[in-house]
Amino acid sequence: MALTHALHGGPDETGAAPHDFSTNGNAVGACPAAVAALRAVDAAHYPDPRYTSLRERLAAFHRVAGERIVIAASASEFIHRISAAVAQGGGRQVWLPAHSYGDYERAAQAWGLQVLRAPEPHRNAALHWCCEPSSPLGQAQEDLALHAEAGSICVLDMAYEPLRLEGQPSLDGPQRDRVWQLWTPNKAMGLTGIRAAYAIGPDDAAAAPLMQRLEQLAPSWPLGTHGVALLDTWIGDEAQAWLAQSLHTLRTWKAQQRALCESLNWQCLPSDANFFCARTDTPHARLAAALRADGIKLRDCASFGLPGHVRLGVLPPHSQQALKQAWTRAAASAED
């Protein structure tokens with residue numbers, strides 16, 4: 001499969017779209033507790049290079065041992081770092097879901113790892129990438145338990161677990177302890193511009209060499225003080241209460257947005273997260289420029305292996321109405 005450099009959601013060369021459905025951050029807004037913490041940051045000094053207090057608090061939040069916590073500059077940075085560690089350790093193959101975040105493949109190819117993609121068998125892969133709720137579909141990964149028990153290195157991308165609106169995780173606590181968990185709370189906190197992440201290593205002594213290698217490959221101070229503040233705030237009671245309340249709002253908006261898309265004759269796919277994919281009645285590529293001129297940005301799914309589909313983050317009702325009006329105008333113009 002050819003490698004495609006897919007664009008993330010967010011601002012483009014013309015700036016930020018007023019109604020940006022292409023990004024999956026929490027559309028309720030920025031978490032007030034996190035914003036206050038960021039404003040109070042002492043950016044005149046380096047953070048603790050070992051992130052001692054942060055590691056302890058993250059470990060306590062997840063009820064794991066502190067030595068299982070790996071601090072990362074972002075999810076993408078960790079993806080590249082663990083891919084490098086696997087390659088340097090003699091790994092040759094990486095397994096990916098049929099549709100997945102592009103950085104898994106980019107990191108594998110950068111380190112000369114052969115990419116296996118579902119439905120290809122995964123038994124010989126040294127590194128397995130899993131994600132639930134999945135990207136771009138926001139669905140459960142049916143074979144997740146098989147990967148967790150495969151005996152290879154398995155990373156479960158948890159980017160959208162804090163924004164789960166439906167369904168239940170496929171893995172229970174003991175099963176999660178067998179895999180690497182990758183957490184990126186900036187989406188849930190509505191602050192995607194702050195890059196910060198962490199991973200939780202498996203509860204297995206056999207993971208110690210890889211853990212050590214990941215620490216050796218880490219840059220000095222992967223997180224600045226703003227990243228530390230975001231992670232430290234996200235595990236606090238105030239931020240967690242705000243997040244729980246925002247999920248109620250997002251569930252209401254999601255139901256409204258699906259109904260609106262169906263009124264446009266789109267075929268909406270099921271999703272457990274704060275986004276969903278839909279097959280449009282008119283190819284998005286034909287209308288993208290007109291939509292962008294109207295302040296609308298959607299995520300075309302062709303690069304995910306889903307041609308004819310778009311992915312839509314859940315936005316407030318006024319943005320939904322703007323989408324309907326812009327799409328109707330653009331589709332009518334395309335038919336003229």
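Guide: This is a predicted model. Start with the open sheet. Seven strands make it up, in the order β2-β8-β7-β6-β5-β3-β4, and the pairing is mixed. Two strands sit at the edges, β2 (69-72) and β4 (114-117), and each of them pairs on one side only. From one strand to the next, the twist averages 20°. Strands of a sheet pair through backbone hydrogen bonds, and they can do so parallel or antiparallel.

Strand β3 (residues 93-96) runs parallel to β4, and four bridges join them.

Q141 has W95 among its contacts, beyond its neighbours within four places in sequence. Q141 belongs to the loop between β5 (127-131) and α5 (144-148). Is Q141 buried or exposed? Its relative accessible area is 8%. The cut-off for buried is under 20%, so Q141 counts as buried. Look at C130 in particular. C130 and Q141 are 11 residues apart along the chain, yet 7.6 Å separates their C-alpha atoms.

Now the helix that crosses the strands. Helix α3 (residues 75-88) lies across β2, β5, β6 (153-157), β7 (180-183) and β8 (197-200). Its direction makes an angle of about 120° with β2.

Next, H62. This residue is in helix α2 (residues 52-62). H62 is buried too, because its relative accessible area of 18% falls under the 20% cut-off. Setting aside residues up to four places away in sequence, H62 touches W183, Y198 and I200.

One more helix is worth a stop. In α10 (residues 284-293), the buried residues are H284, L287, L291 and R292. They lie on the same side of α10, because they cover an arc of only 140° around the axis. An α-helix has 3.6 residues a turn, so residues three or four places apart point the same way. The buried residues of α10 pack against β11 (296-297), β12 (299-300), β13 (309-313) and α11 (317-335). R286, A289 and A293 are exposed, on the face turned away from the buried side. After α10 comes G295, with a positive phi near 85°.

How values were computed. Residues numbered from 1 in each chain as written. Predicted model: local features only at pLDDT ≥ 70, side-chain atom pairs only at ≥ 80, totals over all residues. Heavy atoms only, no water. Buried < 20%, exposed > 50% of the residue type's maximum accessible area, 1.4 Å probe, protein only. Contact = heavy atoms within 4.5 Å. Arc of directions from axis to C-beta. Pairing = 2+ DSSP bridges. Axes fitted to C-alpha atoms, helices over the stretch in contact; angles between N-to-C directions.
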